[in-house]
Amino acid sequence: AAACFYSLSPPVNVTIKALKANSAVVTWDIPEGDSVIGFAITQQKKDVRMLRFIQEVNTTTRSCALWDLEEETDYIVHVQSISMSGTSPLSEPLRFRTPREAETQASKNEVTMEEVGQSTQLRAGELIIIVVVLIMWAGVIALFCRQYDIIKDNEPNNNKDKAKNSSECSTPEHPTGGLLMPSVNIIEV
């Protein structure tokens, strides 16, 4: 008689994945033909009357994260499907136990040590690159300063040379100086 009351079948294949000391992921399947728009999960510590109720609509997801779990604790989970016409009966109860924090921490430490090793290698590589770039910049700056000093030292000489050249052009030996040169030369004599 109860089956006639519900238009939805309860979720099936309810399982726990990614089980850790204080979190887990519950997954499930929906029987074919059911038009499901959401889910509801009841989570209960074994031998405790309090329940956590999680509900989500407008979703087709078939998994849900459970958080704030206590380590080494037994839990019971039920899943219900939600449709436009109401909710399904509860799924079969799924019982699971969270591991100790130390057990999950040990596996985390291995990963962390590998990550630390990789990041140290990465930092060493980055430092080498930075040092090489700094040395190259120092070389470029030193070369620029040296060239600048040579150019700076040559500038007054170049001006003197230009002055000499212009005065040489105005002498009688170099009549290419212009039309005014003979009159200038005559004044000087």
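Modeller: Gladly. The secondary structure of the chain comes to 3 helices and 8 strands. Helices (H or I, at least four residues) and strands (E, at least two) are DSSP runs, numbered from the N terminus. This is a predicted model, where local features need pLDDT of at least 70, side-chain atom pairs count only at pLDDT 80 or more, and totals for chains, interfaces and linings use all residues. Residues are numbered from 1 along each chain as its sequence is written, and side-chain values use heavy atoms, with hydrogens and water left out.

Biologist: What pattern does the chain follow along the sequence?

Modeller: The order is α-β-β-β-β-β-β-β-β-α-α.

Biologist: How do I read burial, and what share of the chain counts as buried?

Modeller: Buried means under 20% relative accessible area, exposed means over 50%, and partly exposed is in between (1.4 Å probe, protein chains only). Here 22% of the 189 residues count as buried. The chain exposes about 13900 Å², an area from the Shrake-Rupley method with a 1.4 Å probe.

Biologist: Which residues is Q80 in contact with?

Modeller: Q80 belongs to strand β6, and at 14% relative accessibility it counts as buried. Beyond four places in sequence, its contacts are P11, G38, F39, A40, F53, T87, S88, P89 and L90. Q80 and Q55 are 25 residues apart in sequence, with 9.2 Å between their C-alpha atoms.

Biologist: Where is D74 found?

Modeller: D74 is also in strand β6. It is partly exposed, since its relative accessible area is 28%. With neighbours within four places in sequence set aside, D74 contacts Q44, K45, K46, F96 and R97. P99 lies 25 residues from D74 along the chain, and their C-alpha atoms are separated by 9.7 Å.

Biologist: Where is K20 found?

Modeller: K20 is in the loop between β1 and β2 (24-29), and it is partly exposed at 40% relative accessibility. K20 and E72 are 52 residues apart in sequence, and 9.8 Å apart in space from C-alpha to C-alpha.

Biologist: How do I read a pocket, and which residues line the largest pocket?

Modeller: On a 1 Å grid over the protein atoms alone, a pocket is an open set of points where a 1.4 Å probe fits, with protein on both sides within 12 Å along at least five of seven lines; lining residues have an atom within 4 Å of a point. Q43, Q44, K45, V48, M50, L51, R52, W67, D68 and Y75 line the largest pocket. Its space is about 160 Å³, where volume is the space filled by probe spheres set on the points, joined across faces, edges and corners.

Biologist: Which strand gives the most to that lining?

Modeller: β3 does, with 3 residues. Both β3 (38-45) and β4 (51-57) supply at least two. The lining divides into 5 nonpolar, 2 polar and 3 charged residues. Ala, Val, Leu, Ile, Met, Phe, Trp, Tyr, Cys and Pro count as nonpolar, Asp, Glu, Lys and Arg as charged, and the others, Gly among them, as polar.

Biologist: Finally, how many disulfides are found?

Modeller: A disulfide is a covalent bond between the sulfur atoms of two cysteines. The search looks for cysteine sulfur atoms within 2.5 Å, and in the whole structure it finds 0 disulfides. C64 is buried at 9% relative accessibility, whereas C145 is partly exposed at 38%.

Definitions and conventions: Contact = heavy atoms within 4.5 Å.
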